[in-house]
Amino acid sequence: MKIVHTSDWHIGQTLYQFSRDEEHKYFFNQLKDILLEEKPDALVVSGDIFHSATPTVISQRLYYHALVELSRLYDDLQIIVVAGNHDSPSRLEAPQELWAAFNVTVVGCLDFYRNDEEKELPYDVSKIQIPIKRNGEIVGWVLAVPFINAGNYPSLKENDSYSNRVFSFYNNLKNNLKCNSQYNENHSVIAIGHFMISDAVLKNKDKIVGGIEAVDSSEISSLSEIDYWAFGHVHHPQNIGKDEKMRYSGSPFPMTFNEDYTHSVTVVNIENHNVDVKIKELDTLIPIIDFPFKPKSYDDALSFDEVMSMIDKVIDKEQYIRLHVKSETPISDVQNARILDLFKDKKAKFCGVQLYVPKLESSENESVVMTLEDFKCISPYDLGCSVFKKKYDIEMPDEMKAMFKEVCDEVMK
Ligand SMILES: [Mn+2]
């Protein structure tokens, strides 16, 4: 059985209010070429289809258009899509029956039975045990498990850890498959999972939303009947463990400035339970640029005027630009206006300023010990003012203080 594994599309995501739609279309064109070249039995999408649980009409049209086009590339291509933590499970699977006509299986959530129904597993397993067929014959299975909230993995013992519950969930699912009359031992088995794994490497502080719990990979990797794990959630593509049988395919292009690594999709070929993994690198349509570079500290960084004097180099190309500037005070309105003016009607997209402030020698070793009661007595307003002072070594300007106070009061109300 051969599959193409991808995840974390995040359709509808914006980067500093810039739409990513053109980049998504560019990705789908590349995906189309890869599918035509590789002719896999299935395309597996491991969650986070949309960036938001309430995608816009434009995002939904983009998704429908892309998926229909992909599904029509050649006969026999099966597409399996599960919801990630960013997706609305019910919204994603609402058009399930329509999708079935396109050979697309969409799983948003598990359908749990009522408590009084005596079943082997507490949910409808047929919904997520997807047979993969070639010339009408089953060659393997995809266990299409969507993102499940940590609390919703059934617990067998009291105080069972999250990791244990995930393990027994997949173990039961796999045992159930083995009892399926259509299953035989020659079939390849792929399990989808959209969660954080404890030994996953997060590059440049990848921002992970949706639960801090992590699954222990050594436990689930002991489920030998599962040939390949198609993970989603972490955007940096990587294998988990020594071999290639567990993998995050990663997002198709950088979603933030921290994702400045090569993005890819994964082609997985399984024959007689031997797994062969091929990485297909993707091109990025609009580069993300840290300008003039990513300094290590205040001392390495350049001043506002120095950075401004070099900006001609990058402003005429279509790319996302984040500026790195050293300054002893926050960026002023005048400076801000100057930046916006420079970027006006240019191809480059301005994505904010990363400020480097000098380390404050005096306050560095100054730690205050406080009781919890003392800490609870500090108002958010006072805390904000003292953080500002610590960061910039000046009092917060009066005008800013007034605005901040207003916001604090409003929130407290
Ligand atoms: Mn994601």
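## Exercises on strands, helices and domains

Within strand β10, Tyr228 is the bridge partner of Ile190. Strands (E, at least two residues) and helices (H or I, at least four residues) are DSSP runs, numbered from the N terminus. The model is predicted, and local features need pLDDT of at least 70, side-chain atom pairs count only at pLDDT 80 or more, while totals for chains, interfaces and linings use all residues. Residue numbers start from 1 along each chain as its sequence is written.

**Exercise 1. Describe the chain as a whole: its helices and strands, its span and its domains.**

Solution. 
- Step 1: The chain has twelve helices and 17 strands.
- Step 2: The C-alpha trace spans about 75 × 55 × 40 Å along its principal axes.
- Step 3: The domain assignment gives domain 1 (2-281), domain 2 (288-356) and domain 3 (361-412); such bounds come from an automatic or database domain assignment.
- Step 4: Taken over C-alpha atoms, the centres of domain 1 and domain 3 are separated by 44 Å.
- Step 5: Of the 413 residues in the chain, 32% are buried. A residue is buried if 20 or more other C-beta atoms lie within 10 Å of its own, exposed if 12 or fewer, and partly exposed in between, with C-beta atoms placed from the backbone.
- Step 6: Among contacts between residues at least 6 apart in sequence, 72% join residues at least 24 apart. Two residues are in contact if their C-beta atoms, placed from the backbone, lie within 7 Å.

**Exercise 2. Determine the strand order of the sheet of six strands, and trace its pairings from β7 to β10.**

Solution. 
- Step 1: The sheet is open, its order is β7-β8-β9-β10-β12-β11, and its pairing is mixed. Two strands pair if DSSP finds at least two bridges between them.
- Step 2: β7 (129-134) and β11 (238-239) are the edge strands, each pairing on one side only.
- Step 3: β7 and β8 run antiparallel and are joined by six bridges; Ile132 has Gly140 in β8 as its bridge partner.
- Step 4: Strand β8 (residues 137-143) runs parallel to β9, with four bridges between them. Here Leu143 stands opposite Ala191 in β9.
- Step 5: β9 in turn runs parallel to strand β10 (residues 228-232), and five bridges join the two.

**Exercise 3. State which residues of β9 point each way, and whether they are buried or exposed.**

Solution. 
- Step 1: Ser188, Ile190, Ile192 and His194 point one way from β9.
- Step 2: Val189, Ala191 and Gly193 point the other way.
- Step 3: All of these residues are buried; accordingly, strand β9 (residues 188-194) is described as mostly covered, with seven of its seven residues buried.

**Exercise 4. Describe the faces of strand β6 and its pairing with β5.**

Solution. 
- Step 1: In strand β6 (residues 104-107), Val104 and Val106 lie on one side and Thr105 and Val107 on the other. All four are buried, and both faces are covered.
- Step 2: Strand β5 (residues 78-82) pairs with β6 in the parallel sense over four bridges.
- Step 3: Ile79 stands opposite Val104 in β6.

**Exercise 5. Characterise the packing of α11 against α12.**

Solution. 
- Step 1: Helix α11 (residues 380-392) and helix α12 (residues 398-412) pack at an angle of about 145°, and their axes are 9 Å apart. Axes are lines fitted to C-alpha atoms, for helices over the stretch in contact, and angles run from 0 to 180 degrees between N-to-C directions.
- Step 2: The crossing of α11 past α12 is right-handed. A crossing is left-handed if the near helix is turned anticlockwise from the far one by less than a right angle, and right-handed if clockwise.
- Step 3: Pro380, Tyr381, Gly384 and Cys385 in α11 meet Lys401, Phe404, Lys405 and Cys408 in α12.
- Step 4: The residues of this contact divide into five nonpolar, one polar and two charged. Ala, Val, Leu, Ile, Met, Phe, Trp, Tyr, Cys and Pro count as nonpolar, Asp, Glu, Lys and Arg as charged, and the others, Gly among them, as polar.
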